[in-house]
Amino acid sequence: MTTFVFRDDPYVTTLSANVTGVTPAGGIVLDRTIFYAASGGQPADAGRIDWETGSVMLSDVVHPDGEKTAIVHVPATEHGLQAGQVVTLHLDFDRRLRLMRMHTALHLLSVVFPFPVTGGSIGTEKGRLDFDMPEVPADLAALEAQLNQWVDAALPVTTEWITDEEMAANANLIKTMKVKPPMGQGRVRLVRIGDIDLQPCGGTHVRNTGEIGPLKLGKIEKKGAQNRRVSLLFA
Ligand SMILES: [Zn+2]
């Protein structure tokens, strides 16, 4: 099992770790990691792994076969690492911070557009959510102003854990839940933003909404009779 350090502290940028295995294709498995694997619309992190006699850039970070409790670091070149070696991880934090800012901003977007979310994608320049939303709200300028008001308010972003049983018993208390929580691993992580949003999420977020910076609503595209794709950009 790999310890997901980014889950408890997404601001760790370098970390010492031990190689616990190398896949037949050369993928590096570690006892702990700061690299997020592509999941839930958030892309994989970038960065490099160093050791005493070498270094390798990562071309991808993945959950093997959708196994969400494991992470494989895909190397850009051959490396010769073996289980038992000690390595140092270096995260491309400029890129990650932009992803954390946009990811957190999309939580806010899901509050100003109170419709079921059917999909989403997070990038370093912009993000989007797909809503089951037959009509586009009339006053988009007011929605954009609301987003920026929450950014200015620097609302705290915190996490809490509940058991699968608590999740099942209290689902009705989580008013803003948009997606079926990732149950089956014994516990579920909830992300809370001030008193405006609470939803299950396994991604990386900034500490408070002030770190997001000014936001701008982008295009709203029709993607079917009920579906609208809403883009959000850094202003
Ligand atoms: Zn999230």
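## Helices H2 and H3

Helix H2 (residues 93-112) and helix H3 (residues 140-152) have axes that come within 10 Å and cross at roughly 135°. This is a predicted model. Two packed helices are described by the angle between their axes and the distance between the axes. Angles over 145 degrees would count as roughly antiparallel, and 65 to 115 as roughly perpendicular. H2 and H3 are therefore oblique to each other. Their crossing is right-handed.

Which residues make the contact between H2 and H3? From H2 come Leu108, Leu109 and Val112. From H3 come Leu143, Gln146, Leu147 and Trp150. The residues of this contact of H2 with H3 divide into 6 nonpolar, 1 polar and no charged.

## Two domains

The domain assignment gives domain 1 as residues 3-91 and domain 2 as residues 95-234. Taken over C-alpha atoms, the centres of domain 1 and domain 2 are separated by 27 Å. Domain 1 puts 12 residues into the contact, and domain 2 puts in 13 residues.

What is the make-up of the side of domain 1 that touches domain 2? Its residues divide into 6 nonpolar, 5 polar and 1 charged.

## The three-stranded sheet

An open sheet is formed by 3 strands in the order S11-S12-S13, with antiparallel pairing. Its edge strands are S11 (157-163) and S13 (197-200), and each pairs on one side only. Neighbouring strands of this sheet are turned by 25° against each other on average, direction ignored.

How many bridges join strand S12 to S13? There are 4 bridges between S12 (residues 187-193) and S13, and the two strands run antiparallel. Val191 has Gln199 of S13 standing opposite.

## The four-stranded sheet

Another open sheet has 4 strands in the order S9-S10-S15-S14. Here too the pairing is antiparallel. Strand S9 (117-122) and strand S14 (215-222) are the edge strands, each pairing on one side only. The twist averages 15° from one strand to the next.

S14 and strand S15 (residues 227-234) run antiparallel and are joined by 6 bridges. Which residue of S15 is the bridge partner of Glu221? That partner is Arg229. Lys216 stands opposite Leu233 in S15.

## The S14-S15 hairpin

The hairpin of S14 and S15 has 4 residues between the strands. In this hairpin, Gly224 takes a positive phi near 130°.

Terms used. Residues are numbered from 1 along each chain as its sequence is written. This is a predicted model: local features need pLDDT of at least 70, side-chain atom pairs count only at pLDDT 80 or more; totals for chains, interfaces and linings use all residues. Axes are lines fitted to C-alpha atoms, for helices over the stretch in contact, and angles run from 0 to 180 degrees between N-to-C directions. Angles under 35 degrees count as roughly parallel, over 145 as roughly antiparallel, 65 to 115 as roughly perpendicular and the rest as oblique. A crossing is left-handed if the near helix is turned anticlockwise from the far one by less than a right angle, and right-handed if clockwise. Two residues are in contact if their C-beta atoms, placed from the backbone, lie within 7 Å. Ala, Val, Leu, Ile, Met, Phe, Trp, Tyr, Cys and Pro count as nonpolar, Asp, Glu, Lys and Arg as charged, and the others, Gly among them, as polar. Domain bounds come from an automatic or database domain assignment. Two strands pair if DSSP finds at least two bridges between them.
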